[in-house]
Amino acid sequence: MTRIVSGTFGGRRLEVPAAGTRPTSERVREALFSRLESWGEVRGARVLDLFAGSGALGFEALSRGAASATLVDNSTGALKVLRSNVSKNGFPNVRVVRADAAKFESIHSFSLAFLDPPYGIDMGLLRNVLEHIEKFLEEDALVVVELSARTPEPQWPSSYQRESVKKWGETMVWFLTFSRQTGSVEA
């Protein structure tokens with residue numbers, strides 16, 4: 001079990017999958033969302049939570065004023081937990097999607113995306129996921145990537161600009177801004 005740290009749903013408990021996930025700790029979520037709120041990135045955001053697991057990142061965003069959240073995972077256990085968490089807590093404007101992160105499709109666009117893949121993810125796969133979701137991201141969308149602090153910084157696709165990086169214990173979080181214009185060459 002974990003819980004929502006703050007906001008409208010603060011204190012509500014979330015189930016976590018029995019195996020195969022590593023939920024972002026409450027301490028890290030508290031620090032992460034304090035930073036995101038100070039930047040004005042949460043209120044009204046349309047959130048994409050890839051590798052959602054328990055959905056803690058997406059649910060925390062909703063609790064703090066995000067407009068909607070799409071939670072994506074490919075694990076049967078995680079999907080069962082996600083649907084249970086939505087049902088038990090009455091979260092509004094949530095879509096739970098069964099999909100591989102590198103093949104996810106959406107008719108919606110997103111202003112804030114969280115990628116919290118399993119620690120040890122292949123960096124080529126992470127890059128593929130980032131390139132794949134570009135078509136769903138709004139210009140200047142903020143993308144938050146959470147990896148092990150022991151993981152070297154990935155090579156980001158050219159459409160992403162690193163804004164900041166923060167280490168919280170064993171967790172390293174990169175804050176990236178997406179732009180279709182980045183890396184383009186003017187003639």
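Author: Phe104 and Phe110 are both buried (buried is under 20% relative accessible area, exposed over 50%, partly exposed in between, with a 1.4 Å probe and protein chains only). The model is a predicted one, in which local features need pLDDT of at least 70 and side-chain atom pairs count only at pLDDT 80 or more, while totals for chains, interfaces and linings use all residues. Residues are numbered from 1 along each chain as its sequence is written, and side-chain values use heavy atoms, leaving out hydrogens and water.

Rings of Phe, Tyr and Trp (its six-membered ring) pair if their centres lie within 6.5 Å; planes under 30 degrees apart are stacked, over 60 edge-to-face, and the rest tilted. By this rule there are eight aromatic pairs. One of them joins Phe104 and Phe110, a tilted pair with 6.4 Å from centre to centre and 45° between the planes. Ring pairs also link Phe9, Phe59 and Phe91 into a cluster.

Phe59 leads us to helix α2, where this residue is buried, together with Ala56, Leu57, Gly58, Glu60, Ala61, Leu62 and Ser63. Since eight of the eight residues of α2 are buried, the helix is largely enclosed by the rest of the structure. Helices here are DSSP runs of H or I with at least four residues, strands are runs of E with at least two, and both are numbered from the N terminus.

Helix α2 (residues 56-63) packs with helix α1 (residues 26-38) at an angle of about 45°, their axes 11 Å apart. The two are therefore oblique to each other, a word for angles that are not under 35 degrees (roughly parallel), over 145 (roughly antiparallel) or 65 to 115 (roughly perpendicular). Their crossing is right-handed. From α1, Arg29, Leu32 and Phe33 make the contact, and from α2, Ala56, Leu57, Glu60 and Ala61 (contact means heavy atoms within 4.5 Å). Of these residues five are nonpolar, none is polar and two are charged.

The backbone on either side of α2 also deserves attention. In the loop between β3 (46-50) and α2 lies Phe51, whose phi is near 55°, a positive value in a residue other than glycine. Most residues other than glycine have a negative phi. Just after α2, Gly65 has a positive phi of about 110°. Asp140, in strand β7 (residues 137-148), has a positive phi of about 70° although it is not a glycine. Asp140 is exposed, with a relative accessible area of 53%, whereas Phe104 and Phe110 are buried.

Definitions and conventions:
Axes are lines fitted to C-alpha atoms, for helices over the stretch in contact, and angles run from 0 to 180 degrees between N-to-C directions. A crossing is left-handed if the near helix is turned anticlockwise from the far one by less than a right angle, and right-handed if clockwise. Ala, Val, Leu, Ile, Met, Phe, Trp, Tyr, Cys and Pro count as nonpolar, Asp, Glu, Lys and Arg as charged, and the others, Gly among them, as polar.
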